[in-house]
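Subject: The structure you asked about

Hi,

Here is the structure, ready for you to open next to the sequence. Have a look at it first, and then read on for my notes.

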Amino acid sequence: MRRALEEAARAPETGDVPVGAVVLGPRGEVLGRGRNEREATGDPTAHAEVLALREAARALGAWRLSGCTLVVTLEPCTMCAGAIVLSRVDRVVYGAADEKAGAVGSLWDVVRDRRLNHRPEVVSGVLERECAALLTEFFRGSGRGSGGRRDTRADTDFGPRPPVG
């Protein structure tokens, strides 16, 4: 997660939301890295997870990332959750929950949908406070993000979920 946090910390340099991801191979080696680059590239699919998965697939020379783990600072969205399922990673590890757009347990649970043929293991809350703090600081402190446009995540409190009951 520390490697993913390093990637996330670089995203605001281009006005992008600080989300970072790494794909680890079966022996723990880094096969792919990514940070949000939507603002930098003008590409709506340039999420950290997608970029890390693409780089890992290039490194392996195959689209199937069996035996791999995706580590990401923020709970993946629906697009990224779909990419995770299609890439066949074995495990998803994420830091901060995203109550407004999360698709790995918060709002939706795409990766564990029983109707799909692949369901990776999910580990949540890893370095959650650090991951959440980076996002909260970006939206509340810098006033940047979305190139000056309104971003719906600006009203989101990232991090630990309140207790149920």
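Which residue of β3 does Val22 stand opposite? The residue is Val71. Before I go further, please keep in mind that this is a predicted model.

**The sheet**

Val22 is a handy place to start, as its bridge partner on the β2 side is Arg33. In β2 you will also find Gly34, which is the bridge partner of Ala21. The pairing of β1 with β2 is antiparallel and runs over 5 bridges. These two strands form a hairpin, with 5 residues between them. In the turn of that hairpin, Gly28 has a positive phi of about 85 degrees. β1 also pairs with β3, again in the antiparallel sense, over 4 bridges.

Zooming out, the strands make an open sheet of 5, in the order β2-β1-β3-β4-β5, and the pairing is mixed. At the edges are β2 (30–35) and β5 (121–124), each of which pairs on one side only. From one strand to the next, the twist averages 15 degrees.

Helix α1 packs on this sheet and touches β1, β2 and β3. The direction of α1 makes about 145 degrees with that of β1. Because 4 of its 5 residues are buried, β1 is largely enclosed by the rest of the structure.

Glu7 belongs to helix α1 and is buried, with a relative accessible area of 8%. Apart from its neighbours within four places in sequence, Glu7 is in contact with Gly20, Ala21, Arg33, Gly34 and Arg35.

An unreviewed UniProt entry gives Glu49 the annotation "active site". Beyond its neighbours within four places in sequence, Glu49 is in contact with Ala21, Leu70, Val72, Leu74, Pro76, Cys77 and Cys80. Ala21 is therefore a contact of Glu7 and of Glu49, if you take buried to mean under 20% relative accessible area for both glutamates.

**Helix α4 and strand β4**

Cys80, one of the contacts of Glu49, is among the buried residues of α4, together with Ala81, Ile84, Val85 and Ser87. What covers the buried residues of α4 includes α3, β3 and β4. Just after this helix, Arg88 takes a positive phi of about 70 degrees.

In strand β4 (residues 91–96) you will find Val92, which is buried with a relative accessible area of 0%. Setting aside its neighbours within four places in sequence, Val92 is in contact with Leu70, Pro76, Ile84, Pro120, Glu121, Val122 and Val123. Val92 and Val72 are 20 residues apart along the chain, and their C-alpha atoms are separated by 7.8 Å.

**The nonpolar core**

Which residues touch the most other members of the largest nonpolar core? Of its 37 residues, they are Met1, Val19, Val23, Leu65, Ile84, Val89 and Val111. At least two residues of this core come from each of α1 (2–10), β1 (20–24), α3, β3 (69–74), α4 (78–87), β4 and α5 (128–142). Not counting residues up to four places away in sequence, Val19 touches Ala8, Ala11, Gly34, Arg35, Asn36, Ala48, Val72, Thr73, Leu74 and Leu135.

**One aromatic pair**

Finally, how many aromatic pairs does a search of the whole structure find? It finds 1. The pair is formed by Phe138 and Phe139 and is edge-to-face, with 5.1 Å centre to centre and 80 degrees between the planes. Phe138 and Phe139 are both buried.

Best wishes

Technical notes
Residues numbered from 1 in each chain as written. Predicted model: local features only at pLDDT ≥ 70, side-chain atom pairs only at ≥ 80, totals over all residues. Heavy atoms only, no water. UniProt positions renumbered as here; feature names shortened; annotations may be inferred. Contact = heavy atoms within 4.5 Å. Buried < 20%, exposed > 50% of the residue type's maximum accessible area, 1.4 Å probe, protein only. Phe/Tyr/Trp six-rings, centres within 6.5 Å; stacked < 30°, edge-to-face > 60°. Core = buried A, V, L, I, M, F, W, Y, C linked by side-chain atoms within 4.5 Å. Pairing = 2+ DSSP bridges. Axes fitted to C-alpha atoms, helices over the stretch in contact; angles between N-to-C directions.
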